[in-house]
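Hello,

Here is the structure I promised to pass on to you. Have a look at it first, and then read my notes below with the model open beside you.

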Amino acid sequence: MKQIQALGIMAAGHSVFLTGPAGSGKTYVLNRFVEYARRKGKKVAVTASTGLAATHLGGSTIHSWAGIGIHDDIKPRYVSDMPKTRKEQIRKAHILIIDEVSMLHDYRLDMVDMVCQKIRESDEPFGGLQVILCGDFFQLPPVNRSDSREGGFVVGATSWEMLSPVICYLDEQHRQADDLLLEILTALRAGDVRRRHVEALMARITPRDTEAVPVTELYSRNVNVDTINQRMLDAVPSEAKEFERETTGRERAVEALQKSCLAPEALTLKQGAFVMFVKNNQEKKYVNGTLGTVVGFDTDSGYPIVQLKNERQIIAAPETWELRDGDKKVASITQIPLRLAWAITVHKSQGMTLDGAHVDLSDAFVPGMGYVALSRVKTLDSLSLAGLNRMAITMDPMAFEIDRTLRHQSAADEKRLQQHANTWEKLQKQTKKRRGSASDSGITWSEKLAKMRETYPNAYTPWLDSDDQKLLKLFNSGTNVKELTTIFGRHPGSIRSRLNKHLGEDLEIE
């Protein structure tokens, strides 16, 4: 199925399971649908099975949204003990999105269904919500731990059967440009890995070329990543510059968001540091996973200047990550959208597109891990391997059977709902005309911030020491707030707040 038909089906109000290979554009489709639904005034609960996946979409975990936390079942007093605000968010929602459902246990999907039915006082699946599930069962599976209830893929959930979602299996490829790499990935998904595929991968095993253009190293386990990045940064012979995050929200909420945010709390960079962008840029200057090298720091802002592989240079200005509970923003982090890129775990690479990678799969320990790592790059030539074990080319046996069923059902659903194939563009035009009447609650913080920065380009960016020194010097010399607003590209309220911080809150500033 093509993206445009999947969007038409979702826009028509159907509950859907959106799936397809890595690089087929699942997250892109989700983001476009969320934007459309909010323009229509719909309340969309955007969630994911993990905090990391949730930050890619600007949402929360499904465990947090439904209030189930880490529990394995619904307690008797669950509904009566639930905070009123959470009940209202569940009650008022129109659409529930759950991304990366391959990592969500079947019984937890049933728990979410039960919560929605009880709170919304409806026996319909998920209390009558339109539900959009998204994921790929060939990628990382749900983790069963010895201290919790054992579960399987969500397709085994009672709620999945009752919901009976339309299957939108995307079959377009938007990442891999290499026929051989695409053939290997397709063979892994088909359970038909041949000798030539293994030989092609084995031919990529080579020591890390320290003289070549740097690429990210991917590891199965977290133990080596921080050590490698710090060692490589220490070896760069230039002065370090540190960027501290700015936050809003309660401490616990900020801590929860930070765990899921790839941008570090304190980012230390040097000229010559190898870095990775960790957010999709609204202006499409870079995507999550774009690699580059810090070649300097902007004279005016102090922000790092990153040179990409194509030699284009970008000033990496701060971006904002949010933790949301329904429509309510409970925490935010504003930071330079970079992290050191000499090394990263396979798990944290999920959802990224890398320009190149050196991957150690010698200790891959779960099915699908090799597939996730290999599918991060666009071509086999941009990939080198430190090692490869049997598990790295193993997929979950159950995923093959599930995939066959999903493909068959998607073909049938595509034919049955053919009328939606040409409706998406028409619906888009209609909602754009009505956009001015949409309520503010349907607009995301990122959209508000982008609009604000059209007038105040430095809104919500960190104040540097050099900014403060310049601000105080200009103010003491008689420059007024209106003039300072133009000079610093910030809202007058931000200028006054900063001056009050340094000069006293009782100071009247015109």
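The side chains of Asp136 and Arg189 are joined by a polar contact of 2.7 Å. Please keep in mind that this is a predicted model. Asp136 sits in the loop that connects S5 and helix H8 (158-163). Is Asp136 buried or exposed? Its relative accessibility is 2%, and anything under 20% is called buried, so Asp136 counts as buried. Leaving aside residues up to four places away in sequence, Asp136 touches Thr19, Gly20, Pro21, Ala22, Lys26, Ser102, Arg189 and Tyr371.

One of those contacts, Ala22, deserves a stop of its own. You will find Ala22 in the loop between S1 and helix H2 (26-39). Ala22 is buried too, with a relative accessible area of 3%. Along the sequence, 352 residues separate Ala22 from Leu374, yet in space the two are 9.8 Å apart from C-alpha to C-alpha.

A polar contact of 3.0 Å links the side chains of Asp413 and Arg416. Not counting residues up to four places away in sequence, Asp413 touches Pro165, Val166 and Ile167.

There is another open sheet to look at, made of 4 strands in the order S18-S7-S19-S20, again with parallel pairing. Its edges are held by strand S18 (343-345) and S20, each with a single partner strand, so one side of each is left without a neighbour in the sheet. On average, neighbouring strands here are turned by 20° against each other, direction ignored. Strand S7 (residues 216-219) pairs with S18 in the parallel sense over 3 bridges, and Glu217 has Ala343 as its bridge partner in S18. Helix H11 (residues 225-234) lies across S7 and S18, running at about 165° to S18.

At the other end of that order, strand S19 (residues 357-361) and strand S20 (residues 383-388) run parallel and are joined by 5 bridges. Asp360 stands opposite Gly387 in S20.

Helix H6 (residues 84-92) packs against helix H7 (residues 106-120) at an angle of about 95°, and their axes are 9 Å apart. That makes H6 roughly perpendicular to H7. On the H6 side the contact is made by Lys87, Ile90, Arg91 and Lys92, and on the H7 side by Val115, Cys116, Ile119 and Arg120.

How many residues of helix H1 (residues 3-11) are buried? The number is 8 of the 9, so H1 is largely enclosed by the rest of the structure. The buried ones are Gln3, Gln5, Ala6, Leu7, Gly8, Ile9, Met10 and Ala11. After H1 comes Gly13, whose phi is positive, near 100°.

My last stop is Gly489, in the loop between helix H19 (481-488) and helix H20 (492-503). Gly489 is buried, with a relative accessible area of 7%. Gly489 touches Tyr456, Pro457, Asn458, Ala459 and Leu484, with residues up to four places away in sequence not counted. The C-alpha atoms of Gly489 and Glu454 are separated by 9.8 Å, while the two residues are 35 apart along the chain.

Methods. Residues numbered from 1 in each chain as written. Predicted model: local features only at pLDDT ≥ 70, side-chain atom pairs only at ≥ 80, totals over all residues. Heavy atoms only, no water. Pairing = 2+ DSSP bridges. Helix = DSSP H or I, 4+ residues; strand = E, 2+ residues; numbered from the N terminus. Polar contact = N/O pair within 3.5 Å; in protein donor to acceptor, adjacent residues only side chain to side chain. Contact = heavy atoms within 4.5 Å. Axes fitted to C-alpha atoms, helices over the stretch in contact; angles between N-to-C directions. Parallel < 35°, antiparallel > 145°, perpendicular 65-115°, else oblique. Buried < 20%, exposed > 50% of the residue type's maximum accessible area, 1.4 Å probe, protein only.
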